[in-house]
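Student: Hey, I've just opened this one and I'm new to it. Could you walk me through it, starting at any spot you like?

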Amino acid sequence: MMKHLDNLEFWFLTGSQDLYGEEPLRQVAADAQKIVDALNSSKTLPFKLVCKPVQKAAAQIRATIQQAGSDDTCGGVVCWMHTFSPSKMWINGLSVLSKPLLQLHTQFNERIPFDTIDMDFMNLNQSAHGDREFGHITARMDLPRTVITGHWSHEETQVRIASWMRSAAGIAESRDMVIARFGDNMRDVAVTDGDKVEAMIKLGWSVPYYGIGDLVAYCNNVAQSDIDSLIDEYREHYDFKFSVSEAVFLQQTKEQARIELALQSFLGDVGARAFCTNFQDLHGMKQLPGLAAQRMMEKGYGFAGEGDWKTAAMVRLFKVMGAGLTGGASFMEDYTYHMQRGAMLDLGAHMLEVCPSIAKEKPTLEVHPLGIGDREDPARLVFDGRPGQALCAAIVDMGNRFRIVVSEVEAVEAPEAFKRLPVARILWKPLPDLVTASEAWILAGGGHHTAYTDSFGVEFVRTFAEMVNIECVVIGQETNIPQFRNELRWNAAAYR
Ligand code: MN
């Protein structure tokens, strides 16, 4: 599912100028290569860093940045000024920059060599002021950018570069993402709707509509033998729990297997890596996709219910940004609260569709009636979510712009067992507490559907938002309501 991003690489551009003569420039090139080699062999970076020739003149810089833009394998550029590199040389290049930019503010040497330092050393190792010159021009041009200060050999620096790369991988994914929409937004729901043209302009998302009949045709073409082998796969991964007869259980589960296989081929054929469904638009479908949607998410697809294409896209982005990390990502909904004084919790769940990548233990596969949708009882995976640090994020359309709202949460063990709840669920304490967090969320207009992940922290989302110049508000430990209201007001002016 992430294969198309396997070849993604990032370009390392070292700035200098030809003022210094050949010998120092040879040294600059050698040092840059050494840094890149060390970063690549650190195993901390999720993608390869490629050392480009030292950039020393305007025409060369423009050509390099143009190439970065037209090369699909280039996920972003990392710029570092080993020496001084006058920034007027960079303007023409930076004006055509179309990939995420990281200014890595580092220097070759970790320490000042007090015994030996002389003016030759000073001329060669000028990042402290060379990078400020570069920072000035990116600030003046108001370019989307990230700045990371730290010595390149330090793990904390490498970890931050790695997380920037992951946000940039989200951009690479976003730029050609197709979100297949079966049915329109549900009924009169406001927050799940939005401007799909603006989403394409700002984020690259394409959200084509497909009639559910298009999927039904694929369902009818699924081979029985493929369904049978998928049932064997379910048996390996999940515990079967019969609350109906085994015959009915298998019949209903096979229908979900059929839908999963149909979705897999359909999305493959239309090039979609995310999709959304609508439980009131199921003509010809025997069941609402339950287990099938959960399985697709587990395989890395983005998903959301009720026509919510924005959340489906966010779930897919979280899968991409967290690929290879521990943890998971899922479609989520704030369902109901535990409002016990001093121990308030939010119960996240959905009718059926929560991704097993966030399960604490092996899920059980169960068949139960579903009150809405007017279809057969669907099979679904039931489990408790994994405790630990996590986040929920929603992207909402404010009419004149998109806003991403992020809430830091701490998933917890359920204080008591859920004895009758027939869906996957997870309990969390939002930071700083349910009262503050939910008030802030509601003031920010965040939706009831979110993308949930315990793979990474809010910095990933914030950086992604910076890269596409979208407003992002974070609700966390430091949030207080008066300050948060002011932030929303200031943002309204800034993003107008
Ligand atoms: Mn919902």
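Tutor: Let's start at Pro432, which sits in the loop between strand 17 (425-430) and helix 13 (434-443). Helices (H or I, at least four residues) and strands (E, at least two) are DSSP runs, numbered from the N terminus.

Student: What joins Leu431 and Pro432?

Tutor: A cis peptide bond, with omega about 0°. For background, most peptide bonds are trans, and most residues other than glycine have a negative phi.

Student: Before we go on, what sort of model is this?

Tutor: It's a predicted model, where local features need pLDDT of at least 70 and side-chain atom pairs count only at pLDDT 80 or more, while totals for chains, interfaces and linings use all residues. Residues are numbered from 1 along each chain as its sequence is written, and side-chain values use heavy atoms, leaving out hydrogens and water.

Student: Okay, back to phi. Where is Arg187, and what's its phi?

Tutor: Arg187 lies in the loop between strand 6 (179-182) and helix 7 (196-203). Its phi is near 45°, a positive value in a residue other than glycine.

Student: Is Arg187 buried or exposed?

Tutor: Arg187 is exposed, with a relative accessible area of 65%. Buried means under 20% relative accessible area, exposed means over 50%, and partly exposed is in between (1.4 Å probe, protein chains only).

Student: And what about Asn469?

Tutor: Asn469 has a positive phi too, about 55°, although it is not a glycine. You'll find Asn469 in the loop between helix 14 (458-468) and strand 19 (471-475). At 46% relative accessibility, Asn469 counts as partly exposed.

Student: How many residues of strand 19 are buried?

Tutor: Five of the five, so strand 19 is largely enclosed by the rest of the structure. Both of its faces are covered: Glu471, Val473 and Ile475 are buried on one side, and Cys472 and Val474 on the other. In a regular strand the side chains alternate between the two faces of the sheet.

Student: Which strand runs parallel to strand 19?

Tutor: Strand 16 (residues 402-412) pairs with strand 19 in the parallel sense, over five bridges. Two strands count as paired if DSSP finds at least two bridges between them. One of those spots is Val406, whose bridge partner in strand 19 is Val474.

Student: New topic: what's the order of the three-strand open sheet?

Tutor: The order is 8-13-14, with mixed pairing. Strand 8 (239-240) and strand 14 (379-382) are the edge strands, each pairing on one side only. Strand 13 (residues 364-367) and strand 14 run antiparallel, joined by four bridges. For example, Glu366 has Arg380 in strand 14 as its bridge partner.

Student: Which helix lies across strand 13 and strand 14?

Tutor: Helix 11 (residues 291-298) does, running at about 50° to strand 14. Axes here are lines fitted to C-alpha atoms, for helices over the stretch in contact, and angles run from 0 to 180 degrees between N-to-C directions. Arg295 is in helix 11, and at 5% relative accessibility it counts as buried.

Student: So what does Arg295 touch?

Tutor: Leaving aside residues up to four places away in sequence, Arg295 touches Leu230, Glu233, Tyr234, Tyr238 and Glu260. Contact means heavy atoms within 4.5 Å.

Student: How many residues are in the largest nonpolar core?

Tutor: There are 121, and those with the most contacts inside it are Trp205, Phe275, Phe318, Ile404 and Tyr452. A nonpolar core is a set of buried Ala, Val, Leu, Ile, Met, Phe, Trp, Tyr and Cys residues joined through side-chain atoms within 4.5 Å. The largest share of this core, nine residues, comes from helix 12 (residues 309-321). Apart from it lies another core, of 18 residues, among them Val50, Ile61, Val77 and Phe134.

Student: Is helix 12 mostly enclosed or open?

Tutor: It's largely enclosed by the rest of the structure, because 13 of the 13 residues of helix 12 are buried.

Student: Last one: how is the chain divided?

Tutor: Into domain 1 (3-174) and domain 2 (179-494), with bounds that come from an automatic or database domain assignment. The centres of domain 1 and domain 2, taken over C-alpha atoms, are separated by 37 Å. Their contact takes 15 residues from domain 1 and 17 residues from domain 2.
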